[in-house]
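Student: I have just opened this structure for the first time. Could you walk me through it and tell me what the terms rest on?

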Amino acid sequence: DLLISQIAAGEVVERPSSALKELLENALDAGATTLTVQLEGGGVDLIRVIDNGCGIARDELALALTRHATSKIASLDDLERVGTLGFRGEALASIAAVSDLAISSRQRDAAHAWRLRARDETASEPEPAALAAGTMIEVRELYRNTPARRKFLKAEATEYAHCAEAVRRIALAHPQVAFTLSHNGRSGLHLPASDAAGRAAALLGEDFLGESRALEAAAGGLRLSGRVGLPAQARTRADAQYCYVNGRFVRDKLLAHALREAYRDQLHGSRQPAYCVFIDIDPAAVDVNVHPAKTEVRFRDARSVHQFAFHAVQRALAATPA
Ligand code: ADP
Ligand code: MG
């Protein structure tokens, strides 16, 4: 019901960027290769995400907004090895509970799109609409019915900055997907489809590539890849620190600590390292279900992950730039 959805929304949709992250992940889960994000008012007035993914059938539009309706888990077993980004089936329901939401979607073989609007716990009947194959989600007036939460929002520019960072985090892990971001009609990010190195250069600074070292290590079901750099050049973004576990951006104390230790002898003065580190691990060996926002993880064998990351990064930093 609405109250439960609003409470859940407090966790899932902490601020506009959290809603945006969920929408971007849904689009990627749908196989999108082109993602367009249009924001207004820091994302509070409007978050529009347009993708060219598989689309949603007319009869499934309403279901997509239902709590715990997810097309991504067939059994509890699946929870153990979550391959897709979304798996709780509560993001859209939560966002809909605190906004005026419209979904337009068209499957590849459909004659036209269908559009459904949800507001104040009532969803309209799907109506025919015009759209290229894919899905467009429009979230308007975020927190329209939860004034307490609205009060916690920061200035428009700050909320937009969080949204842009949400796009960057996801874009870095999906270099082959094209991203466009605009705010109040002004262009923010334009990222054509690329490869890992090209995307890192676009997001971490042109000089990052030349001055950073490639990471490549694998052992015992763990794989580390990405790049680690020292921001020696002005055009590398300092403090650009991105860690991913199985493609998911994470903020993890254990990993942060391992990296800090590995960088210990390399950092001079107040310089902050710049890196993007991708860890691939058997999904059964990591619990991503710690927090709804899903930026926290828990490793079954934290000690060996720490050791592995520490040694791999230390080794890479000691090598000559390549
Ligand atoms: P989850 O991602 O955890 O399954 P969500 O609430 O985020 O839950 O989405 C509910 C369902 O709506 C998804 O399982 C998916 O079937 C459908 N869906 C949402 N967004 C899209 C999209 N952009 N393209 C295709 N299907 C989508
Ligand atoms: Mg989702």
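**Strands, helices and loops**

Tutor: Let us start with a pairing: strand β3 (residues 100-106) and β7 run antiparallel to each other over seven bridges. This is a predicted model, in which local features need pLDDT of at least 70, side-chain atom pairs count only at pLDDT 80 or more, and totals for chains, interfaces and linings use all residues. Residues are numbered from 1 along each chain as its sequence is written, and chains are lettered from A and ligands numbered from 1 in the order in which they are written.

Student: What makes two stretches count as paired strands?

Tutor: Two strands pair if DSSP finds at least two bridges between them. Strands (E, at least two residues) and helices (H or I, at least four) are DSSP runs, numbered from the N terminus. β3 and β7 have seven bridges, so they meet the cut-off of at least two. Strand β2 (residues 46-51) also pairs with β7 in the antiparallel sense, over six bridges. In these pairings, S104 stands opposite M136, and V49 stands opposite I137.

Student: Why is M136 called buried?

Tutor: A residue is buried if 20 or more other C-beta atoms lie within 10 Å of its own, exposed if 12 or fewer, and partly exposed in between, with C-beta atoms placed from the backbone. M136 has 21 such atoms, so M136 is buried. M136 belongs to strand β7 (residues 134-140), where five of the seven residues are buried. Across the chain of 322 residues, buried ones make up 42%.

Student: How do you know which residues M136 touches?

Tutor: Two residues are in contact if their C-beta atoms, placed from the backbone, lie within 7 Å. Leaving aside neighbours within four places in sequence, M136 is in contact with R48, I50, S104 and L131. As for A97, 39 residues away along the chain, its C-alpha atom is separated from that of M136 by 18 Å.

Student: What makes N184 and N246 partly exposed?

Tutor: N184 has 14 other C-beta atoms within 10 Å, so N184 falls between the two cut-offs and is partly exposed. N246 has 19, so N246 is partly exposed too. N184 sits in the loop between β8 (178-183) and β9 (186-191), while N246 sits in the loop between β12 and β13. Phi of N184 is near 50 degrees, a positive value in a residue other than glycine. Phi of N246 is likewise near 50 degrees.

Student: Why are α2 and α7 called roughly parallel?

Tutor: Helix α2 (residues 16-29) and helix α7 (residues 156-173) pack at about 25 degrees, with their axes 8 Å apart. Axes are lines fitted to C-alpha atoms, for helices over the stretch in contact, and angles run from 0 to 180 degrees between N-to-C directions. Angles under 35 degrees count as roughly parallel, over 145 as roughly antiparallel, 65 to 115 as roughly perpendicular and the rest as oblique. About 25 degrees is under 35, and α2 and α7 are therefore roughly parallel.

Student: What makes their crossing right-handed?

Tutor: A crossing is right-handed if the near helix is turned clockwise from the far one by less than a right angle, and left-handed if anticlockwise. α2 passes α7 in the right-handed way. The residues in contact include L20 and L24 of α2 and V167 and I170 of α7.

Student: How do you know what classes of residue meet there?

Tutor: Ala, Val, Leu, Ile, Met, Phe, Trp, Tyr, Cys and Pro count as nonpolar, Asp, Glu, Lys and Arg as charged, and the others, Gly among them, as polar. On that basis, the contact of α2 with α7 has seven nonpolar, two polar and three charged residues.

Student: Which crossing do α10 and α11 make?

Tutor: The crossing of α10 and α11 is right-handed. The axes of helix α10 (residues 253-263) and helix α11 (residues 302-318) come within 8 Å and cross at roughly 35 degrees. Their contact divides into twelve nonpolar, two polar and one charged residue.

Student: Which strands form the edges of the open sheet of five?

Tutor: That sheet has the order β10-β11-β14-β12-β13, with mixed pairing. Its edge strands are β10 (212-219) and β13 (248-250), each of which pairs on one side only.
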